[in-house]
Structures are given as C-alpha cells and as structure tokens.
Amino acid sequence: MDIKEQISKLVEKVTEDDTIKNLFSKEPVKAVEKVIGVDLPDDIVNQIIQGVKAKVSVDKVSEAADFIKKLF
C-alpha cells in the first residue's frame, strides 16, 4: 500500500467533504478506514493520520500567506 497515495486521497476527502472532515477531527482512525475502505494496522493508520494533519496544516499556512500577500 502506498501511504503517500492514501494520504493524498484522505486530504482530498477531508478538504472537500464536511462529513469526513468532522469525522476526522473527532475519530481520525474511523475516517481513515472509511475513506480507504480497509481495516489497517494501527501503525499504518497513525502514519496516515499524521501525514494528513501535516498536509492540511501546510495547506492552511499556505492559504494564509497567499491571503496576506494579496493585502499588500
């Protein structure tokens, strides 16, 4: 299983689907398993969760920087 691919897939769902976004914020393991459709070992699920959190955080910082650039 390509973890980077699964992270990208989950990031897309989290940013586009409010139901998945809310589930991910409350119960990230269930959100991962729902989107991927497979029950995975905890260590792999945790890697995916950390990757998604990192990617979403970077995207938010990038959006904020773009907004600030537009102000000036």
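Helices (H or I, at least four residues) and strands (E, at least two) are DSSP runs, numbered from the N terminus. Lys 21, for one, has its place in helix 2.

This is a predicted model, in which local features need pLDDT of at least 70, side-chain atom pairs count only at pLDDT 80 or more, and totals for chains, interfaces and linings use all residues. Residues are numbered from 1 along each chain as its sequence is written, and side-chain values use heavy atoms, with hydrogens and water left out.

## The whole chain

The protein chain has 4 helices and 0 strands. Its pattern along the sequence is α-α-α-α. Of its 72 residues, 26% are buried. Buried means under 20% relative accessible area, exposed means over 50%, and partly exposed lies in between (1.4 Å probe, protein chains only). The accessible surface of the chain comes to about 5300 Å². Carbon and sulfur atoms hold 53% of that surface. Such areas come from the Shrake-Rupley method with a 1.4 Å probe; for residues, only the protein chains shown count as cover.

Contacts tell how the chain folds back on itself. A contact means heavy atoms within 4.5 Å. Take the contacts between residues at least 6 apart in sequence: 48% of them join residues at least 24 apart.

## Helix 1

Helix 1 covers residues 3-16, which is 14 residues. From its first C-alpha to its last it reaches 20 Å, close to the 20 Å expected at 1.5 Å a residue. The expected span is 1.5 Å times one less than the number of residues.

Which residues of helix 1 are buried? They are Gln 6, Ile 7, Leu 10, Val 11 and Val 14. These residues cover an arc of only 135° around the axis, which puts them on the same side of helix 1. The arc is that of the directions from the helix axis to the C-beta atoms. On the other side of helix 1, Thr 15 and Glu 16 are exposed.

## Helix 3

Helix 3 also has a buried set: Pro 28, Ala 31, Val 32, Val 35 and Ile 36. Seen down the axis, they fall within an arc of 115°, so they line one face of helix 3. Just after helix 3 comes Gly 37, with a positive phi of about 80°.

## How the helices pack

Two packed helices are described by the angle between their axes and the distance between the axes. Axes are lines fitted to C-alpha atoms, for helices over the stretch in contact, and angles run from 0 to 180 degrees between N-to-C directions.

| Helix pair | Angle | Axis distance |
|---|---|---|
| Helix 1 and helix 2 | about 110° | 5 Å |
| Helix 1 and helix 3 | about 105° | 10 Å |
| Helix 2 and helix 3 | roughly 140° | within 5 Å |

Angles under 35 degrees count as roughly parallel, over 145 as roughly antiparallel, 65 to 115 as roughly perpendicular and the rest as oblique.

Start with helix 2 (residues 18-26) and helix 3 (residues 28-36), whose axes cross at roughly 140°. That makes helix 2 oblique to helix 3. Helix 2 brings Ile 20, Leu 23, Phe 24 and Lys 26 to the contact. Helix 3 brings Pro 28, Lys 30, Ala 31, Val 32, Lys 34 and Val 35.

Helix 1 and helix 2 are roughly perpendicular to each other. Here Leu 10, Lys 13, Val 14 and Glu 16 of helix 1 meet Asp 18, Ile 20, Lys 21 and Phe 24 of helix 2.

Helix 1 and helix 3 are also roughly perpendicular. Gln 6, Lys 9, Leu 10 and Lys 13 of helix 1 meet Ala 31, Val 32, Val 35 and Ile 36 of helix 3.

Lys 21 counts as partly exposed, at 44% relative accessibility. Lys 21 and Val 11 are 10 residues apart in sequence and 9.2 Å apart in space, C-alpha to C-alpha.

Thr 19 also sits in helix 2. Is Thr 19 exposed or buried? Thr 19 is exposed, with a relative accessible area of 52%. Its C-alpha lies 9.4 Å from that of Ala 31, 12 residues apart along the chain.

Asn 46 is found in helix 4 (residues 42-71). At 42% relative accessibility, Asn 46 is partly exposed. The C-alpha atoms of Asn 46 and Pro 28 are separated by 8.9 Å, with the two residues 18 apart along the chain.
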